[in-house]
Amino acid sequence: MSENTVLKIQDLRTYFFSRSKQVFIRSVDGVDLQVNRGETLGIVGESGSGKSVTALSVTGLVTAEPGVITGTIEFTSNGVTKNLLQGLEDFVTFETVDGRIMTLEKDNRGWQKNVDRLVHRIRGQEISMIFQNPRVSMNPFMTIGKQITESIMLNTAIKNAAEATDKARYWLEQVKIDSPNLRLENFPYGLSGGMCQRAMIAMALSSEPSLLIADEPTTGLDSTIQSKIVDLLVELKEQVGVTTMLISHDINIISRLADNVAVMYGGSVMESGPVERILAKDDEYKHPYTAALLESIPDEEHIKLKGHLKAIEGDVLDTVNIPDGCRFYSRCNRVHAKIEDKCRHTEPDLREISEGRLIRCWLYLN
Ligand SMILES: Nc1ncnc2c1ncn2[C@@H]1O[C@H](COP(=O)(O)OP(=O)(O)OP(=O)(O)O)[C@@H](O)[C@H]1O
Ligand code: SF4
Ligand SMILES: [Mg+2]
């Protein structure tokens, strides 16, 4: 792992079990990702592609069964690298057929106990999170000031209440909340949605984390507030420079904030690389799924005429019945005779085609 890497995920698999159908839902199915120090990695993909489950897996917060079953999650903070799934393979056994996990047994209690041991001190301290609905993540019975102050005293070297309150005020000022002194005394329900998200961002940054995970931080806010929060995140990126994993289905937000992007489909990363190349419609390499995502961004004319997002043709992958070949095959419009057999029967690897640029598609692989 390079010195510059904060998070490196390899072959992460997180499944759920449908009792009614007696089948696995392969929500995260072999994810590989890397986030470098100081950069923002954007994760994009349609709804259900496994973005949030990937983030929850990193923070040990998947509790439904079977949950995370295999992979490595190497996390570096203060010069120390730890695999957040270290030694957990002892709690799970599985059988594969043609490289696919078909049966598995997991001692969930043993697994969770060890995950908690591995991630407990990291979560909230070295890895902070911002979610879509800030009110749900905050304690409704505690003032904003007390929540941020407690988090500072728990997660940083500051152990004195007055100093922690000063620091809380400082972070509320950094997120440009109006009347920070007043907000310290407010309860979450006393704040608007936008203010609440600013307070949540202040709380997440106040522990000075090595990694910030922001999962759809502006979804659910109205559009003017959304753009103000994005402006704030852009400013904070320049000023604070915290390493960030930013999950969003909004390509405009990704284009403003991300340095690198990973595109997810059906529980797997289809391509990743520098934002300007991944989002360029005319790049020499372009995964057909990314191309379809970019095509789905509505232009102004389309919004005027139809008033809604264009959708990618075909259905989102059923992660219960993952096909043998490429996951995107049934929706892909770039298959041609020379590669059709491979597209249909063999899943391509995610392979580096130029420095920092990875792609999973037979169009570009041999
Ligand atoms: N606890 C759970 N039990 C069963 N299935 C789950 C559970 N959590 C997530 N899933 C399934 O896993 C898949 C991936 O979900 P995930 O929330 O990661 O998608 P996402 O990419 O974040 O989508 P969105 O853009 O809508 O937030 C979905 O099909 C979802 O229904
Ligand atoms: S591997 Fe084949 S089916 Fe899959 S995205 Fe590439 S061209 Fe399309
Ligand atoms: Mg999600």
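In this predicted model, helix 4 (residues 144-155) and helix 5 (residues 161-174) have axes that come within 8 Å and cross at roughly 115 degrees. An angle from 65 to 115 degrees counts as roughly perpendicular, so helix 4 and helix 5 are roughly perpendicular to each other. Their crossing is right-handed. On the helix 4 side, the contact is made by Gly145, Ile148, Thr149, Ile152 and Met153, and helix 5 answers with Ala161, Ala164, Thr165, Lys167, Ala168 and Trp171. Sorted by class, that contact comes to 7 nonpolar, 3 polar and 1 charged residues.

Helix 7 (residues 193-206) and helix 8 (residues 223-239) have axes that come within 10 Å, and the crossing angle is roughly 20 degrees. Since angles under 35 degrees count as roughly parallel, helix 7 and helix 8 are therefore roughly parallel to each other. Helix 7 passes helix 8 in a right-handed crossing. Here the residues doing the touching are Gly193, Gly194, Gln197 and Arg198 from helix 7, along with Ile225, Lys228, Ile229 and Leu232 from helix 8. The class count for this contact is 3 nonpolar, 3 polar and 2 charged residues.

Then there are the ligands. Around ligand 1 sit 14 residues, and the ones that come nearest are Phe16, Ser27, Ser47, Ser52 and Val53. Two elements, strand 2 (23-36) and helix 1 (51-58), each supply at least two residues of this shell. Helix 1 gives the most, with 3 residues. As for the make-up of the ligand 1 shell, it holds 4 nonpolar, 9 polar and 1 charged residues.

Ligand 2 has 13 residues around it, with Cys326, Cys332, Cys343, Cys361 and Trp362 coming nearest. Its shell contains 12 nonpolar residues, no polar ones and 1 charged residue.

Stepping back to the whole chain, the protein has 13 helices and 14 strands. Its C-alpha trace spans about 70 × 55 × 45 Å along the principal axes. For 366 residues, a compact globule would have a radius of gyration near 21 Å, and the protein has 21 Å, so the two agree.

Notes: Residues are numbered from 1 along each chain as its sequence is written. Chains are lettered from A and ligands numbered from 1 in the order in which they are written. This is a predicted model: local features need pLDDT of at least 70, side-chain atom pairs count only at pLDDT 80 or more; totals for chains, interfaces and linings use all residues. A residue is near a molecule or strand if its C-beta atom, placed from the backbone, lies within 6 Å of it. Helices (H or I, at least four residues) and strands (E, at least two) are DSSP runs, numbered from the N terminus. Ala, Val, Leu, Ile, Met, Phe, Trp, Tyr, Cys and Pro count as nonpolar, Asp, Glu, Lys and Arg as charged, and the others, Gly among them, as polar. Axes are lines fitted to C-alpha atoms, for helices over the stretch in contact, and angles run from 0 to 180 degrees between N-to-C directions. Angles under 35 degrees count as roughly parallel, over 145 as roughly antiparallel, 65 to 115 as roughly perpendicular and the rest as oblique. A crossing is left-handed if the near helix is turned anticlockwise from the far one by less than a right angle, and right-handed if clockwise. Two residues are in contact if their C-beta atoms, placed from the backbone, lie within 7 Å. The radius of gyration is taken over C-alpha atoms; the globule rule is 2.2 Å times the number of residues to the power 0.38.
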